[in-house]
Each structure stands twice: as structure tokens, then as C-alpha cells.
Amino acid sequence: MHIDFSSRPIIVLGVNHSGTRVVVDILSTLGSEGGDCDNPWRENQFYLDIHHTLMASNDDLDWTRKIFDIAYIAELRPDEAKKQAVYKKIHEGLRRAYPQYASKPWHWKCPTSAFFIDFWLETYPEAYYVHIVRDPLDVAQSLISRRQFYSIRTAQRFYDLMESQLARAAKARH
């Protein structure tokens with residue numbers, strides 16, 4: 001029996017510093033294809049580039065500023081033109097990014113997937129969504145130690161915003 005995995009990626013979700021990197025390493029060890037994720041965060045470059053498109057980010061400096069801007073991400077909704085550009089990128093680039101995506105399990109993780117969870121649920125309704133949750137205070141402390149935030153309160157607000165996006169989407173899906 002042949003299973004078609006093309007529309008069933010494993011999408012690992014979770015706030016930055018929640019443990020998603022470990023899950024990606026486990027999936028890779030078990031034979032799931034992770035594509036190009038040769039960076040310290042083990043984030044797939046193809047989907048990271050797609051998130052750049054959805055967020056209209058032109059460079060890494062702009063990207064870092066935007067992904068940790070709570071007011072910005074709370075209101076982030078990709079418009080139809082950005083969605084169409086992403087559908088085109090997926091159609092044209094998925095086979096290059098994941099050569100065996102139709103014949104074996106494949107996965108990605110980018111914490112920014114939480115910002116676009118409605119888009120991903122629409123794009124991949126049959127995907128496997130793995131949501132990693134870590135203690136909010138531990139995540140906040142980790143975000144502070146990496147200088148992504150400078151107060152526990154702000155780091156926890158970031159955590160709460162991302163987790164609420166994922167929880168809302170999970171509730172709507174069931």
C-alpha cells in the first residue's frame with residue numbers, strides 16, 4: 001500500500017524556546033524529511049521564507065523586529081495577494097524543498113507558524129499538527145536570556161499571544 005504524504009506535513013507548533021527543536025530532531029531521527037533546516041533553530045528555510053513573504057519582511061533585521069513586536073503580531077493578517085504568492089511558492093518549490101514529500105513523512109517547524117495558523121489550517125487541512133507547550137515562565141526567562149525581551153511581563157505577553165492563537169485554532173478545528 002502506498003501512502004500519499006503530499007498534503008499531510010507534520011507541522012510542529014510552539015512558542016519560541018518551547019522545545020520544538022527537540023521534536024524536529026526526533027522526527028528526523030525517525031525518518032521524517034525535514035528539508036533544509038541547517039540553522040541553529042532547526043527551522044525549515046523554505047517555510048521560513050514563506051513566513052517572510054506572509055509577514056512582508058525584507059531582511060533579517062526587519063524580521064526579528066517584527067516577530068517580537070507584540071502589537072504588530074496581534075494584528076497580523078496576511079492579505080489575499082500575499083496568500084496567492086505563497087500558494088505559488090509552495091506549488092513551484094515544494095518538490096525542491098522536500099524531494100520525497102509525496103512518498104515519506106515530512107515536517108517543519110517555525111514558531112512564527114502560530115501567527116499564520118489559520119492560513120496553514122486552510123492550506124493543509126489534513127496535516128498533522130504537533131503543539132508543544134512549555135511552562136510560560138520558563139519560556140519567558142529563556143526569551144529574556146536571549147535578549148528578545150527585557151521584562152518577564154512582556155515575554156509572558158508574547159507567550160500568551162502565541163498560545164492563544166494556537167488554542168483558538170485548535171478549538172475551531174474540533
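**Exercise 1. Classify Cys110: buried or exposed?**

Solution. Start with the cut-offs: buried means under 20% relative accessible area, exposed over 50%, and partly exposed in between, with a 1.4 Å probe and protein chains only. Cys110 has 1% relative accessibility, so it counts as buried. Now take Cys37. Its relative accessibility is 6%, so Cys37 is buried too.

The model is predicted: local features need pLDDT of at least 70, side-chain atom pairs count only at pLDDT 80 or more, and totals for chains, interfaces and linings use all residues. Residues are numbered from 1 along each chain as its sequence is written, and side-chain values use heavy atoms, without hydrogens and water.

**Exercise 2. Find how many disulfides the rule gives.**

Solution. A disulfide is a covalent bond between the sulfur atoms of two cysteines. The rule asks for a pair of cysteine sulfur atoms within 2.5 Å. The count is zero. Check Cys37: its nearest cysteine sulfur belongs to Cys110, 9.7 Å away. Cys110 is likewise in no disulfide.

**Exercise 3. Describe strand E1 and its partners.**

Solution. Strands (E, at least two residues) are DSSP runs, numbered from the N terminus. E1 covers residues 10-13. Step one: side chains. In a regular strand they alternate between the two faces of the sheet. Ile10 and Val12 point one way, Ile11 and Leu13 the other, and all are buried.

Step two: pairing. Two strands pair if DSSP finds at least two bridges between them. Three bridges join E1 to E2 (residues 107-109), and these strands run parallel. Four bridges join E1 to E3 (residues 128-131), also parallel.

Step three: Ile11. Opposite it in E2 stands Trp108. In E3, its bridge partner is Tyr129.
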